[in-house]
Amino acid sequence: MKALDETDVHTYVDGGLPESAKAELDARLRAHPEDAERVRAYTEQNALLRSLYNPVLDEPVPAALLAVHPRAWRRYAVAAGTFALGIGLGWLVRGEFVTQIVVPVSIARLAATAHAVYAPEVRHPVEVSAKEEDHLVGWLSKRLGTTLKAPKLAPLGYELVGGRLLSGPQGPVAQFMYQDARGQRLTLYVSRQRGEPRDTAFRFSQEDRVSVFYWVDGNYGYALSGEMKRDQLLQVAEVVYKQLNP
Amino acid sequence: MDRRLIIEHIPRLRRYARALVGDRYVADDLVQDTLERAWNKFYLWRPGSDLRAWLFTIMHNVFVNQARRRRYEIEQAMDELPAVAVRATQGEQLELQDVDRVLRSLPSDQREVVLLVAVEQLTYEQVSRALGIPIGTVMSRLSRARERMRQLLGGQPVTSLKVVK
């Protein structure tokens with residue numbers, strides 16, 4: 001007879017075992033009183049813990065907890081800072097606050113899409129290579145109407161591959177591409193943002209397999225994308241952020 | 001966004017927090033921090049996915065961070081309790097207070113798992129996602145927690161359920 005499966009024991013106690021497996025286990029428990037005792041004790045623990053804590057469900061919820069949302073909303077509105085002037089809370093509550101979050105989220109999605117399109121490119125990953133870095137940065141700066149900077153990521157093992165001009169909802173977009181020794185690629189997406197200048201916090205978004213850290217600084221949105229784990233990308237994103245926001 | 005979506009989960013978040021930290025006020029603070037964080041991060045929640053599991057994930061993160069940062073006094077005191085069996089009092093009957101005391105003597109990672117399974121009745125899969133740990137870890141923590149509780153409760157049947165307030 002094979003040993004009792006520990007997972008089955010717990011699944012049995014928690015009521016998740018299918019009928020057939022349950023009958024089989026019942027039979028085994030009859031033959032093994034010490035296991036039967038364990039099952040009895042665990043089942044009892046469930047019942048005891050529920051009787052101990054279920055009464056909390058019937059307590060009135062403290063007003064302080066119900067009041068959490070408006071404060072958080074206001075704080076979120078400040079953090080997002082979109083259309084900072086002239087927007088009342090009433091406007092938010094009507095549900096239109098969705099536009100506030102669509103703006104920063106969409107840059108993450110656009111950046112992730114652009115990353116997914118160009119990062120796997122073998123022969124033409126960029127339009128202008130890093131050999132002509134000054135020209136690249138000058139050209140993209142001119143097209144975006146601001147002074148761009150390609151962050152230096154060599155200390156982290158990422159060399160600039162080059163960059164390209166893309167089109168986005170607000171016009172021209174710059175994409176810088178980096179690569180490490182193993183061919184792992186990162187892209188930095190820079191685009192003009194709609195509306196009043198504002199600054200947002202550093203945010204994270206997972207767009208399918210592409211992780212994106214993004215933020216808005218004044219009139220420009222920045223997004224760093226890579227097919228890697230959040231924490232790994234975060235190390236690079238922090239360096240990029242610091243270099244662009246000295 | 002309909003705020004009722006989150007509000008309807010508050011009683012269960014309170015139940016879990018109370019069971020997790022013991023003290024009523026500390027528990028409600030934990031719920032409050034969780035709710036604030038949930039509102040601020042609501043745009044990260046994917047509609048259609050399990051909101052309750054997502055809220056438990058946030059509560060878990062807040063709990064772990066707070067425990068690390070401030071170290072709940074209760075948490076500390078309880079973790080240092082020696083693992084002695086609870087003596088049956090009053091005519092060999094265990095009471096719910098004993099169960100609570102035993103629960104508190106568990107390491108918090110085991111306590112989280114046993115409460116999510118036993119009280120919140122999440123599936124092992126949901127617990128694994130909520131706590132961000134592999135399912136094998138869920139099972140081993142659950143197993144250790146239950147066995148330790150069984151030993152501390154002396155393995156004897158609890159014959160009377162005296163419901164405490």
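Predicted model: local features only at pLDDT ≥ 70, side-chain atom pairs only at ≥ 80, totals over all residues.
Residues count from 1 along each chain as its sequence is written, and chains are lettered from A in the order in which they are written. Local features need pLDDT of at least 70 and side-chain atom pairs count only at pLDDT 80 or more, while totals for chains, interfaces and linings use all residues.

**Exercise 1.** Find out which element of chain A has the lowest mean pLDDT and which the highest.

*Solution.* Start with the term: pLDDT is the predictor's confidence in each residue, from 0 to 100. For chain A the mean is 81, with 84% of its residues at 70 or more. Now go element by element (helices are DSSP runs of H or I with at least four residues, strands runs of E with at least two, numbered from the N terminus).

**Exercise 2.** Work out how H3 of chain A and H9 of chain B pack, and which residues make the contact.

*Solution.* Take the geometry to begin with (axes are lines fitted to C-alpha atoms, for helices over the stretch in contact, and angles run from 0 to 180 degrees between N-to-C directions). H3 (residues 33–53) of chain A and H9 (residues 135–152) of chain B pack at about 95°, their axes 10 Å apart. So H3(A) and H9(B) are roughly perpendicular (65 to 115 degrees). Next, list who touches whom (in contact means C-beta atoms, placed from the backbone, within 7 Å): A:Arg38, A:Ala41, A:Tyr42 and A:Gln45 on H3(A), with B:Arg146, B:Met149 and B:Arg150 on H9(B).

**Exercise 3.** Figure out which residues of H1(A) are buried and what they pack against.

*Solution.* Apply the cut-off (buried means 20 or more other C-beta atoms within 10 Å of the residue's own, with C-beta atoms placed from the backbone). In H1(A), that picks out A:Val9, A:His10 and A:Val13. They span an arc of only 90° around the axis, so they sit on the same side of H1(A) (the arc is that of the directions from the helix axis to the C-beta atoms). The buried residues of H1(A) pack against H3 of chain A together with H9 of chain B. Zooming in on H9(B), A:Glu6, A:Thr7 and A:His10 of H1(A) meet B:Met139, B:Leu142 and B:Ser143.

Methods
Parallel < 35°, antiparallel > 145°, perpendicular 65-115°, else oblique. Contact = placed C-beta atoms within 7 Å. Buried ≥ 20, exposed ≤ 12 C-beta atoms within 10 Å, placed from the backbone.
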